[in-house]
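Please look at the sequence and the model before reading on.

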Amino acid sequence: MAGASKNSRTAVTTHKFFCSCGGEVVMKTLCENGRIKNVAECAKCKRVERRPKDFK
């Protein structure tokens, strides 16, 4: 019996992170001193952290 391929079984999920102020956390990429740096920023209070789960 033929089954579905491994790639067809993967589901795409997106997580939405929220700050304690109620704003949505978005990821941004900054270029500082020739290096790329990913940071998470709250859209409402402009708080910046290293990763989205640090907003808890």
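Q: Which residue in strand 4 is the bridge partner of Glu41?
A: The partner of Glu41 in strand 4 is Val48. The model is a predicted one, in which local features need pLDDT of at least 70, side-chain atom pairs count only at pLDDT 80 or more, and totals for chains, interfaces and linings use all residues. Residues are numbered from 1 along each chain as its sequence is written, and side-chain values use heavy atoms, with hydrogens and water left out.

Q: Why are strand 3 and strand 4 called paired?
A: Two strands pair if DSSP finds at least two bridges between them; strand 3 and strand 4 (residues 48-49) have two bridges, in the antiparallel sense, and therefore count as paired. Five residues lie between them in a hairpin, and Lys46 in the turn has a positive phi of about 65°.

Q: What makes strand 2 and strand 3 a pair?
A: Strand 2 (residues 24-32) and strand 3 (residues 35-42) pair in the antiparallel sense over eight bridges, and Leu30 stands opposite Lys37 in strand 3. Their hairpin has two residues between the strands, and Asn33 takes a positive phi near 55°.

Q: How many of the 56 residues count as buried, as a percentage?
A: The buried share is 16% of the 56 residues, where buried means under 20% relative accessible area with a 1.4 Å probe, protein chains only.

Technical notes: Buried means under 20% relative accessible area, exposed over 50%, partly exposed in between (1.4 Å probe, protein chains only). Helices (H or I, at least four residues) and strands (E, at least two) are DSSP runs, numbered from the N terminus.
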